[in-house]
Amino acid sequence: MSKGLEGNDNRGARELGAEEKVGWDQVTQGVVLHSFVGESENSAFLKPEEREYNDFNSYTATVASWRIVKPVYNRDICIDCQNCWVWCPDTSIISRDKQMLGIDYDHCKGCGVCVEVCPTNPKSLLMFGEAEETETALANWPEKKKKEK
Amino acid sequence: MAKEFELNDVEVWDGNYAASQALRQAQIDVVAAYPITPSTPIVEGYGAYVANGYVDGEFVMVESEHGAMSGCVGAAAAGGRVATATSSQGFALMAEVLYQASGMRLPIVMTVVNRALASPLNVRGDHSDMYLGRDSGWIQIDAFNAQEAYDLALCAFRIGEHKDVRLPVMMHQDGFTTSHKAQNVYPLKDSVAYKFVGDFVPVDDMLDFSRPVTHGAQTEEDWHYEHKAKQHKALMDSRTVIDDVFAEFKEITGREYKRVESYMMEDAEVALVLLGSSVETAVLAAKQLREEEGLKVGVVAPRCFRPFPYDLVREALDVPSLKSVCCLDKSAPGGAMGALFNEVSAAAYSTKARPMMTNYIYGLGGRDFAVDEAKRIMREQKAHADAGHITTDIQQFSGLRGPKLGFFKTRRD
């Protein structure tokens, strides 16, 4: 059930709290959490899926179960304006080279901000129930609304 | 580069000035402090060193003691050598952040000048603030005079920053009695002092961009307990590091410190256990009683309040001749026996001698504790020893006006 962009991407690889529970002798000194495995001098210049995130980084944990409604993305309408990417409070809009790729459903909480800030008509992002199939959602996408005078 | 401070072989310093000189010599990266009586001159003195070019580090003036300790936590997590000073109400305002510092394993050094806690407001010395810190996870070391305030402040950096310890350290001295009393102090030259303290070695510092790190994480029931246990173990294990640092300090200065100081205990029949500047009063009283009345009195003084030296207190009290011990607490116990009494009694319970244990509350808000009163308490212990049972209430009050106050008797039915 790997949901990352690359084969070796460990995004959302475990449920939050499913990490191995080590004893007092193995926990980190001072409760420090290292973001990455080993040295990572240039991590700022890497895309998330290229970074070697530590098991205790939230990137590797999925919190999809917290969500009851989800945004669905419609590529056919999107103009790649990056508004949703800017506004998403959980960095759950995946964009590469200013092209919108989709939603990080491991960390999206379903807040709906992306839908709110989407400027297209009809919107390129809409909220659906968590159980809704993507194909069904896209098939039922609303038509362009006419400006009311 | 910081200028060298010219020092004589012997200086006349009070405890505050001694502590501030030690802070200067440690070449601290960040001092964040908010002055409060009676520790104000430590902060003031340090500020003057910074202004006059004797310190390379930063001096951050903050809006409160909560801000001071928070600044220290931030600077220490960033990866610097950090120190501050406080007393009493300021200490109390820091309380929340003290636990953050120890839990985050940040080796901050705080020179605490002990003072009573309000209410009623009082600026004089007692041990209320020191006692308030006793569960905070800090190492607490107690200086009994100005020389010790200087020596132990230098030792505090070595102990707290040791890779196996990495815990914050409080270096306590008594308000006014020690902090404002000028005495002969033998300082080390700047280069010798700094060599002893050594360069700061950061651990998991936030300014190490090659290994990004999160400090101050939240843990709930599945992780919190293990982290606290690891922290407690580090504090308990710091005992050997403290011993080693004291031994090394003796090598360069000839001045010897132990986690528990013990005076005339070899053949003692009765003993006083107490902390701070009163130790010297008690030792003088014991010497006089031995000469004048032939009373075999000893004194035990935990130099290290935390980690509590259960091992060495027990060793000091495990004297076959010992019959009666009085623990003196210079802090209002708030509905209990004094903390020192409770902890020393617990250690004494596992000795063969099992002396009778009694408790005096004394010196609150700076009430004087003189040699005559120390002698009276020692004679009273001798009366317990002769009678074979505690002849007074178990908890009593020294130097208190009004009807005699006391609590609990030994059950003898």
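## A tour of chains A and B

Start in chain B by selecting strand β6 (residues 139–142) and β13: two bridges join them, and the strands run antiparallel. Strands and helices here are DSSP runs numbered from the N terminus, with helices being H or I of at least four residues and strands E of at least two. Show side chains at B:Ile141 and you will find B:Cys304 of β13(B) standing opposite.

Before moving on, a word on the model: it is predicted, so local features need pLDDT of at least 70 and side-chain atom pairs count only at pLDDT 80 or more, while totals for chains, interfaces and linings use all residues. Residues are numbered from 1 along each chain as its sequence is written, and chains are lettered from A and ligands numbered from 1 in the order in which they are written.

**The sheet of chain B**

Seven strands of chain B make an open, mixed sheet in the order β3-β2-β4-β5-β7-β6-β13, where two strands pair if DSSP finds at least two bridges between them. Colour β3 (58–61) and β13 (304–306) of chain B: these are the edges, each with a single partner strand, so one side of each has no neighbour in the sheet. From one strand to the next, the twist averages 20 degrees.

Helix α1 (residues 15–25) of chain B lies across β4 (82–86), β5 (109–114) and β7 (169–174) of chain B, and runs at about 180 degrees to β5(B). Helix α2 (residues 40–51) of chain B lies across β2 (30–33), β3, β4 and β5 of chain B, at about 135 degrees to β3(B). Angles run from 0 to 180 degrees between N-to-C directions, with axes fitted to C-alpha atoms, for helices over the stretch in contact.

**A helix pair**

Select helix α9 (residues 278–293) and helix α12 (residues 371–387) of chain B. They pack at an angle of about 60 degrees, with axes 8 Å apart. Among the residues making this contact are B:Leu284 and B:Leu289 of α9(B) and B:Val371 and B:Met378 of α12(B); residues are in contact if their C-beta atoms, placed from the backbone, lie within 7 Å. The contact residues comprise eight nonpolar, two polar and one charged. Here Ala, Val, Leu, Ile, Met, Phe, Trp, Tyr, Cys and Pro count as nonpolar, Asp, Glu, Lys and Arg as charged, and the others, Gly among them, as polar.

**Where the chains meet**

Bring chain A into view. In this interface, 20 residues of chain B are in contact with 17 residues of chain A. On the chain B side, β9 (213–214) and α8 (224–253) each supply at least two residues, and α8(B) gives the most, with four. That side has seven nonpolar, six polar and seven charged residues. Zoom in on strand β2 (residues 33–34) of chain A, which two bridges join to β9(B) in an antiparallel arrangement. There, A:Leu33 has B:Thr214 as its bridge partner.

**Chain A on its own**

Finally, hide chain B. Chain A has three helices and seven strands, and its C-alpha trace spans about 70 × 30 × 30 Å along its principal axes. Colour domain 1 (1–62) and domain 2 (64–139) of chain A separately; these bounds come from an automatic or database domain assignment. Their C-alpha centres lie 24 Å apart. Five residues of domain 1 of chain A are in contact with four of domain 2 of chain A.

Conventions
Contact = placed C-beta atoms within 7 Å.
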